[in-house]
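Dear colleague,

I am passing on the structure we spoke about, and below it you will find my notes on what turned up in it. Please read them with the structure open beside you.

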2 protein chains.
Amino acid sequence: MEKILILKGNILFTKIPERLEVYQHHYLVVINGKVAGIYPVLPPKYENCPVEDYGDRLIIPGFVDLHLHAAQFPQCGMGMTKQLLQWLNDYTFDLEKQFQDENFAREVYQRFADQLIAHGTLRACIFASTSTKGTEVLFDVLKEKGIGAYVGKVNMDRNAPDFIIETTEDSIAGTEYLIEKYRHERLVKPIITPRFAPTSSRELLEQLGGLALKYHLPVQSHLSENRDEINWVRQLFPEARNYADVYHRYALFGQTPTVMAHGIYLDREEIDLVKRNGVILAHCPDSNLNVQSGIMPLRKYLNEGLTLGLGSDIAGGHKIALNEAVVRAVQLSKLFSLDHPEYQPLSVPEAFYLATKGGGALFGRTGSFEEGYAFDALVIEDDSLTAGRYCLADRLERFLYIGDDRNICARFVEGEKIGD
Amino acid sequence: MEKILILKGNILFTKIPERLEVYQHHYLVVINGKVAGIYPVLPPKYENCPVEDYGDRLIIPGFVDLHLHAAQFPQCGMGMTKQLLQWLNDYTFDLEKQFQDENFAREVYQRFADQLIAHGTLRACIFASTSTKGTEVLFDVLKEKGIGAYVGKVNMDRNAPDFIIETTEDSIAGTEYLIEKYRHERLVKPIITPRFAPTSSRELLEQLGGLALKYHLPVQSHLSENRDEINWVRQLFPEARNYADVYHRYALFGQTPTVMAHGIYLDREEIDLVKRNGVILAHCPDSNLNVQSGIMPLRKYLNEGLTLGLGSDIAGGHKIALNEAVVRAVQLSKLFSLDHPEYQPLSVPEAFYLATKGGGALFGRTGSFEEGYAFDALVIEDDSLTAGRYCLADRLERFLYIGDDRNICARFVEGEKIGD
């Protein structure tokens, strides 16, 4: 039996980065969770179907957050002027170990998921913690909430405090346990997640690459976030050609779908490898600032034809709302362009594309309202934002710049309403 | 008769930029709108006074916004990737002329004032529009709302579209009318406001300087926001030594209390003049990004001993919430420091100081809870922000980074509760 959902409203999305598709007061037909078509007048065959009429509101694709740490959610917006190592020691590591406690994990992850959904992120690529038990809780919470996600138990077996690293064996065993338990889920699925090269032994990377290939699972990690880190990786893996090559040689760099956070200081050879292997880069602009990493050369990567999406990078980034990342991406691209006039700033549709269809690439067909795409959508009520009549493109921009969770009045994942 | 107000809670403020003063569960006594003292135990003489007990909430100084355009409020977050001139033509000028209509002005300014207060800005230094009538409405609305403000009718007599410039005579007459009407107000007072040098004739500047001296009124304008503008000023005023000197030679640069927005590209001589004349600079970090001006060298100016505050610069900046400016100031200082390692990033207490006592300098004694300061305060309820117990300094930082108007549960201006 076909399940038909019909919405009416102002429909906006980006099929290509450069142009916003705008359908004023149109009908959007969803069949079995997928977009079937957009019509100015409802075709006769749907005449007897009920229509959810959203009037003059905006209907846009849900946000896709390509990089964030669920276990760091409680430390959002704190210690933001500490040095990275001090910050990790004072907040992050201490916090992450608490996720062994299932009750703590459940309480934090429920708030985390509620906030994510409230702010319109309907697909997310998430680092949990090293705790297998805690990660299991995160899977279950996200399933209950109805959001789409890849969730990774974090793998670390060296170069971090004893109380949060595991043995290689335990780390792999926990990972495989979660894979077996959740790999057939429809919306919340496992992803292979070495924290990053420096906290991984060669054995760990090798076995994680093996798991990715064995189960054909996607991979996420961190790449080239700051210069000290890059030098450290060079010391730890002298046999590798560069940082990207460390992952590449262990089948963790595009051999299966892969998303790498940051990638700020990639050299020529790494850019080519990212492109050749179809690795997706997650640009996390607030984190670029907060952790004092520097600005990712986004336009350069776009010109190179790389695939990019946006990440909130909670808690290196402080805002879980991905529209904030859209704005910051535009802002940082302007600043970058001031020093590098050969690279044009990002337009708002381009940044919106990154936050929807761009990052959506990791999840199959989502982030757009083209036919066959999963209907992951937000309904935006923007009356409260300011006075005055403006065009639909301006209204979308205004929501992205000054709107918040209060302006999102409905959320759909694969055609199902969630978050009410 | 003394009017006594006593609050209990966690009291945080900055006496000096480098250090946060923290009084856990203390009493704050306000007499006739001024802070009288902070006590761990209530002194016997106040024993019979009622206490507003805010429990574990934070009590902090209200925000002081040193630069924003009330008439641009409806265009917040729109046209943000247009070039400055295009943006002014497509949105700003068209909008500003509508403020001749009193009903339009009243509707917009009421929303503006409500949003300002909701987000905790209790003192603001505001550009209205060139409309005398519209500016009168803004004075009246702000008075009704109980906020503290300097309000300037914008003066322009050249180099802008005909439909919003005035003759020099009309511009001065309107300004003096408003001065006479409002100069004895307690909280909402006039400020001399040439839009900026390029839209001002020499006659206009001369007469405005005369009004500032005659009535001893403060002055606000724009200074050195981007390189094209600086070159333009050089062409228009070849007799001046530099941009700052244009204002200086017309008694609009510290001869009375003066705040200048931006000041990004000041040369050695200008920095010395700013310092010598005690001119306050308004740093508007979001605007630095949105209008692609570049980053103000804030630490350099602080090292030079200049007085600085923060501005939202609505609508060059998109967020009316000044805690966003605090965060962006820290973020941009980090980025600046990455390229200029000799300049340390801003700490959170330093940025908070700028947004309170720093900008407060223009308003006399406000922005701190030292004895004799006006009790302009916010009460912060931060339970909803994230799980976990953290110290008071962390909780303030978290509110600044991820909090919003929903976390502000009470507002006081000179000891009077407003905004309820």
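Is Val137(A) buried or exposed? Val137(A) is buried, because its relative accessible area is 5%, where buried means under 20% relative accessible area, exposed over 50% and partly exposed in between, with a 1.4 Å probe and protein chains only.

Before going further, please note that this is a predicted model, in which local features need pLDDT of at least 70 and side-chain atom pairs count only at pLDDT 80 or more, while totals for chains, interfaces and linings use all residues. Residues are numbered from 1 along each chain as its sequence is written, chains are lettered from A and ligands numbered from 1 in the order in which they are written, and side-chain values use heavy atoms, with hydrogens and water left out.

Val137(A) is found in helix 3 (residues 132-145) of chain A; helices (H or I, at least four residues) and strands (E, at least two) are DSSP runs, numbered from the N terminus. Not counting residues up to four places away in sequence, Val137(A) touches Glu102(A), Ala105(A), Arg106(A) and Tyr109(A), contact being defined as heavy atoms within 4.5 Å. Ala105(A) and Val137(A) are 32 residues apart in sequence, and their C-alpha atoms are 6.6 Å apart in space.

The largest nonpolar core has 228 residues, and those with the most contacts inside it are Tyr109(A), Ile126(A), Tyr109(B) and Ile126(B). Such a core is a set of buried Ala, Val, Leu, Ile, Met, Phe, Trp, Tyr and Cys residues joined through side-chain atoms within 4.5 Å. Leaving aside neighbours within four places in sequence, the contacts of Ile126(A) include Leu68(A), Phe112(A), Leu138(A), Val151(A) and Gln220(A).

Thr14(A), in strand 1 (residues 4-16) of chain A, counts as buried because its relative accessibility is 0%. With neighbours within four places in sequence again left aside, Thr14(A) is in contact with residues that include Arg19(A), Leu20(A), Pro349(A), Phe352(A) and Ser368(A).

I turn next to the helix packing. Two packed helices are described by the angle between their axes and the distance between the axes.

In chain B, the axes of helix 2 (residues 102-118) and helix 3 (residues 132-145) come within 9 Å and cross at roughly 40°; axes are lines fitted to C-alpha atoms, for helices over the stretch in contact, and angles run from 0 to 180 degrees between N-to-C directions. Helix 2 of chain B is therefore oblique to helix 3 of chain B, since angles under 35 degrees count as roughly parallel, over 145 as roughly antiparallel, 65 to 115 as roughly perpendicular and the rest as oblique. The crossing of these two helices is right-handed, a term used if the near helix is turned clockwise from the far one, and left-handed if anticlockwise, by less than a right angle. Among the residues that make the contact are Tyr109(B) and Phe112(B) of helix 2 of chain B and Val137(B) and Leu138(B) of helix 3 of chain B.

Helix 3 of chain B also packs with helix 4 (residues 168-182) of chain B, at an angle of about 20° and with the axes 10 Å apart, which means that helix 3 of chain B is roughly parallel to helix 4 of chain B. This crossing is right-handed, and the residues that meet include Phe139(B) in helix 3 of chain B and Tyr177(B) in helix 4 of chain B.

In chain A, the axes of helix 4 (residues 168-182) and helix 5 (residues 202-215) come within 10 Å and cross at roughly 15°, so helix 4 of chain A and helix 5 of chain A are roughly parallel to each other. The crossing of helix 4 of chain A and helix 5 of chain A is right-handed.

Finally, some backbone details deserve a look. Most residues other than glycine have a negative phi, and most peptide bonds are trans. A cis peptide bond joins Ile314(A) and Ala315(A), with omega about 5°, and the bond from Ile314(B) to Ala315(B) is cis, with omega near 5°. Phi of Asn159(A) is positive, near 55°, and Asn159(A) counts as partly exposed because its relative accessibility is 37%. Ser224(A) has a positive phi near 50°, and Ser224(A) counts as buried, at 1% relative accessibility.

With best wishes
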